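Hi,

Here is the structure I promised to pass on to you.

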Amino acid sequence: MGESGVIFDLQRFSVHDGPGIRSLVFFKGCPLRCKWCSNPESYRHAPEILFDPAKCLGCRACVTACASGAVRVIGDIVCYDRSKCRACGLCAEVCYAEARVLKGIIVTAEWVVAEVIKDEAFFANSGGGVTLGGGEPLAQPEFARAIVRGCQERGLHTAIETCGHVPWASLEMVLPWTNLFLFDLKHLDPRKHHTQTAGDVGLIQSNLAKLATAGPSVIVRIPVIPTFNGEPAEIAAMAERVAALGLSEVHLLPYHGLGQGKYHLLGQNYPFAATAKVTESQLEELSTVVLATGLKVKVGG
């Protein structure tokens, strides 16, 4: 339990991402760069600052607090140079308007377990538990293992959300203490997958095949992204692959674009800004396609 790692949020009373009422621990750091990602603050392992100029009151407390010269006044404007920022968080501490928010803190696994155990009564009454998400929890495998082990030793149900783009050894580390894996499968075509995620779908499929025979429950989740994998034939191909592995359930996660504003706060452009949401009729059609393979299907997490 002495392991430490970086998280950027701990969300309580979630009814998604596993059975019952759950506490979600969001890990920082991810090997993929999915262009539609709703948590861009999870990309980098290190802490970083989200800055919303619209909330800035111009009090200049951040200028005084910043020791790296990242926040300074030019003319009458408070400017922020991310290239100089050390993400120490001092500017966020003095920003009463919350125009500057630090995302990412270093905590111990013991601290995480102590926090989630506070919700034990809700887990017991609902069949819930703890879910590690992110980002990619298995990009910090020792930290993830310490948390799920500590939770299971206290009788809590454990789940891990993973993109699968990690060494198999990282999955093996957490296997004995994980009840459920929520495993993302985004596309089967290597070129198309790499173009939109910067990842190797071969590694992901290899890990999924191994995990399917390793013992714990596995639910495959397919983010349905128009212009990327939203065609019935693409969903059917993934569902058939899942069924061939002997798994039984797929969740379709419709694209929503809700994380778009975070890109602006990080000083980044959002590549999928013009992408339309998935319609109810499209989801019904895609659900029918999955059911035809003999799998259970659920829309949403």
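Below is what I found, one region at a time.

First, the ground rules. This is a predicted model, in which local features need pLDDT of at least 70 and side-chain atom pairs count only at pLDDT 80 or more, while totals for chains, interfaces and linings use all residues. Residues are numbered from 1 along each chain as its sequence is written, and side-chain values use heavy atoms, with hydrogens and water left out. Helices (H or I, at least four residues) and strands (E, at least two) are DSSP runs, numbered from the N terminus.

Let's start with α7, residues 190–197. H193, Q196 and T197 are buried there, where buried means under 20% relative accessible area and exposed over 50%, with a 1.4 Å probe and protein chains only. These three residues cover an arc of only 85° around the axis, which puts them on the same side of α7; the arc is taken from the directions from the helix axis to the C-beta atoms. The buried residues pack against α8 (201–212), contact being heavy atoms within 4.5 Å. P190 and R191 are exposed, on the face turned away from the buried side. At the N-terminal end, D189 caps α7, with a side-chain oxygen 3.3 Å from the backbone nitrogen of R191 (a polar contact is a pair of N or O atoms within 3.5 Å, one able to donate a hydrogen and the other to accept it). Just after the helix, A198 has a positive phi of about 65°.

Next come two helix pairs. The axes (lines fitted to C-alpha atoms over the stretch in contact, with angles from 0 to 180 degrees between N-to-C directions) of α9 (residues 232–244) and α11 (residues 280–291) come within 9 Å and cross at roughly 30°. P232, I235, A236 and A239 of α9 meet E285, L286, V289 and V290 of α11.

For α3 (residues 109–116) and α5 (residues 141–153), the axes come within 9 Å and cross at roughly 40°. The contact is formed by A109, V112, V113 and V116 from α3 with F143, A146, I147, G150 and C151 from α5.

Finally, is L258 buried or exposed? L258 sits in the loop between β12 (249–254) and α10 (260–265), and it counts as exposed because its relative accessibility is 68%. Its C-alpha atom is 15 Å from that of P226, 32 residues away along the chain.

Happy browsing!
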